[in-house]
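Q: Hi! I'm new to this one and would like a friendly walk through it. Could you put it up on the screen?

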Amino acid sequence: MKMLINVPETVVADALRGMAAAHPELTVDVENRVIVRRDAPVAGKVGLVSGGGSGHEPLHGGFVGPGMLSAACPGEVFTSPVPDQMVRAAAAVDSGAGVLFIVKNYTGDVLNFDMAAELAEDEGIQIAKVLVDDDVAVTDSLYTAGRRGTGATLFVEKIAGAAAEEGQPLERVESLARQVDANSRSFGVALSACTTPAKGSPTFDLPPGELELGVGIHGEPGRERRAMMTSREIADFAVQAILDDMTPRNPVLVLVNGMGGTPLLELYGFNAEVQRVLGERGVAVARTLVGNYVTSLDMAGASVTVCQIDEELLRLWDAPVRTPGLRWGM
Amino acid sequence: MLDADFFRRWMTAAAASVDREAEHLTALDSPIGDADHGSNLRRGFLAVAAALEKEAPDTPGAVLVLAGRQLISTVGGASGPLYGTLLRRTGKALGDAAEVSEERFAEALDAGVDAVMRLGGAAPGDKTMIDALVPAVAALGEGFGAAAAAAERGAEATVPLQARKGRASYLGERSIGHRDPGATSAALLVAALTEAAG
């Protein structure tokens, strides 16, 4: 497998050095692996810290900046960061207004952020925490580690980030984040497995004529494998899975997210099918985002995330944002 | 009696064993996880070995607390907090005695395993490291060799189980038929006790 890397051990550090060079508006601490918006801590503003394994770029470091995250902690590829990183990030962004940890529901992320919250509180930083768990592909979640956090993470980070930017208090920013998560559902498909630098070969075996339905974002196989389907059939399946789990009464935000190895040509075509199904099902779409936002290295495939919104959430979604991976209005 | 030097040898042997088996652990983690268990644990245990060389704590408890803290600070994922907690809690339970009996160590390890079960919410049969650790602790009274054999049997017994915790749980029934990488690395850690005992 050919990769544009030096050695697997330095992949994350090398990427952070390159990110620092490209984005002088961020403070990138390569050694301690913390990415912070340069003007942090912002007086009176709640700090937003997220993080998780690397390999999902632009998530999370690419969403650091005015209107979104205050800081991000990248772990090793697909591996949760360690508590030291999160405590350092919290200390760097806390202005006294407290810090919200945005955590995707994976055992490693949850355990490390829990430990970090305890340590940060020992240092006098007020911490609140929201768990993102939007993946409807995880069935029988009573018998698993619970639903995974995937595409809704972007919605949570953007909307909570806008509220924090307005100066809203920690309690309010936290409850908005929870509301966004509770109103979001995702479903993903993989057309190929991804290749981690450490392993150097695809993490699971997916024959050319087949696809995985219900994959997560770590190259873990999905729940079901089928013969390859058309874009239209995949959209029908994914949106059905989402609407089986929620009945939106209001307009929705839609994210058609690429896993990293699927071109925009295909993603836009897929989005056309997603919009068609939603229309047929009477779901009004307020805003749509199409692109590679919550990726899985070089995996081919896509996920759909739907978030039911109200006027307040739509206003916060539309609010200006300036980050490497998401930028509008400023 | 077991002194600080014994526990340093244990951690050094564990580090060497994880280093040797890293690719095997990662291979086990590929079909049901995300293919990084070996590389993550290797990074952590090499940091443990380096820290112990630098600091050389002089009680059994201090050796294990330092090792646990290193794992929490370097491994990440679920393995970091879980293995870190195992060693930290075991070390804390040993207190500041200069030497401990094998019986005392067995009790302390039991407390460590209990802390891991509470932190991760896993019980025996969930296809996790607990499936190797619980039988190992139960057999520790018969010596390190018996504990190592029990841990290995426990790890092998995860093959037909369906995962209920960790990332493998997302696979549901498709996790059946694979040996759990966490139980496998836990068995390596227990087997390193026999090496430390010489």
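Q: Thanks! How many bridges join strand β10 of chain A to β11(A), and do they run parallel or antiparallel?
A: Six bridges join β10 (residues 252-258) to β11 in chain A, and the two strands run parallel. Strands count as paired if DSSP finds at least two bridges between them. Helices (H or I, at least four residues) and strands (E, at least two) are DSSP runs, numbered from the N terminus.

Q: Before we go on, what kind of model is this?
A: This is a predicted model, where local features need pLDDT of at least 70 and side-chain atom pairs count only at pLDDT 80 or more, while totals for chains, interfaces and linings use all residues. Residues are numbered from 1 along each chain as its sequence is written, chains are lettered from A and ligands numbered from 1 in the order in which they are written, and side-chain values use heavy atoms, leaving out hydrogens and water.

Q: Got it. Back to β11(A): what is the bridge partner of Asn257(A) there?
A: Asn257(A) is partnered by Gly291(A).

Q: And what is the strand order in the open sheet with β9 and β11 of chain A?
A: The order is β9-β8-β7-β12-β10-β11 in chain A, six strands with mixed pairing. β9 (224-227) and β11 (285-291) of chain A stand at the edges with a single partner strand each, so one side of each has no neighbour in the sheet. On average, neighbouring strands of this sheet are turned by 15° against each other, direction ignored.

Q: Which strands does helix α6 of chain A lie across?
A: Helix α6 (residues 231-243) lies across β7 (184-190), β8 (210-213), β9 and β12 (301-308) of chain A, at about 150° to β7(A). Contact here means heavy atoms within 4.5 Å. Axes are lines fitted to C-alpha atoms, for helices over the stretch in contact, and angles run from 0 to 180 degrees between N-to-C directions.

Q: What about helix α7 of chain A?
A: Helix α7 (residues 264-280) lies across β10, β11 and β12 of chain A, running at about 160° to β11(A).

Q: Where are β1 and β6 of chain A in their sheet?
A: They belong to an open sheet of six strands, β1-β2-β4-β3-β5-β6 in chain A, with mixed pairing. β1 (26-29) and β6 (127-132) of chain A are at the edges, each with a single partner strand, so one side of each is left without a neighbour in the sheet. The twist averages 20° from one strand to the next. Within chain A, β3 (residues 47-54) and β4 (residues 71-77) pair in the parallel sense over five bridges.

Q: New topic! How many salt bridges are there over all chains?
A: The structure holds 26, a salt bridge being a side-chain nitrogen of Lys or Arg within 4 Å of a carboxyl oxygen of Asp or Glu.

Q: Which residue does Glu212(A) pair with?
A: Glu212(A) forms a salt bridge with Arg174(B), with the closest N and O atoms 3.0 Å apart. This pair crosses between chains, from strand β8 of chain A to the loop between α7 (144-156) and α8 (181-197) of chain B.

Q: Is each one buried or exposed?
A: Glu212(A) is buried, with a relative accessible area of 0%, and Arg174(B) counts as partly exposed at 30%. Buried means under 20% relative accessible area, exposed over 50%, and partly exposed in between (1.4 Å probe, protein chains only).

Q: And what does Arg315(A) form a salt bridge with?
A: Its partner is Glu166(A), the closest N and O atoms being 2.5 Å apart. Arg315(A) is in helix α8 (residues 311-318) of chain A and Glu166(A) in the loop between α4 (152-165) and α5 (170-182) of chain A, so the pair ties together parts 149 residues apart in sequence.

Q: Last one: how many aromatic pairs are there over all chains?
A: There are 11. Rings of Phe, Tyr and Trp (its six-membered ring) pair if their centres lie within 6.5 Å; planes under 30 degrees apart count as stacked, over 60 as edge-to-face and the rest as tilted. Phe187(A) and Phe237(A) form a tilted pair, 5.7 Å centre to centre with 55° between the planes. Phe187(A) is in strand β7 of chain A and Phe237(A) in helix α6 of chain A, 50 residues apart.
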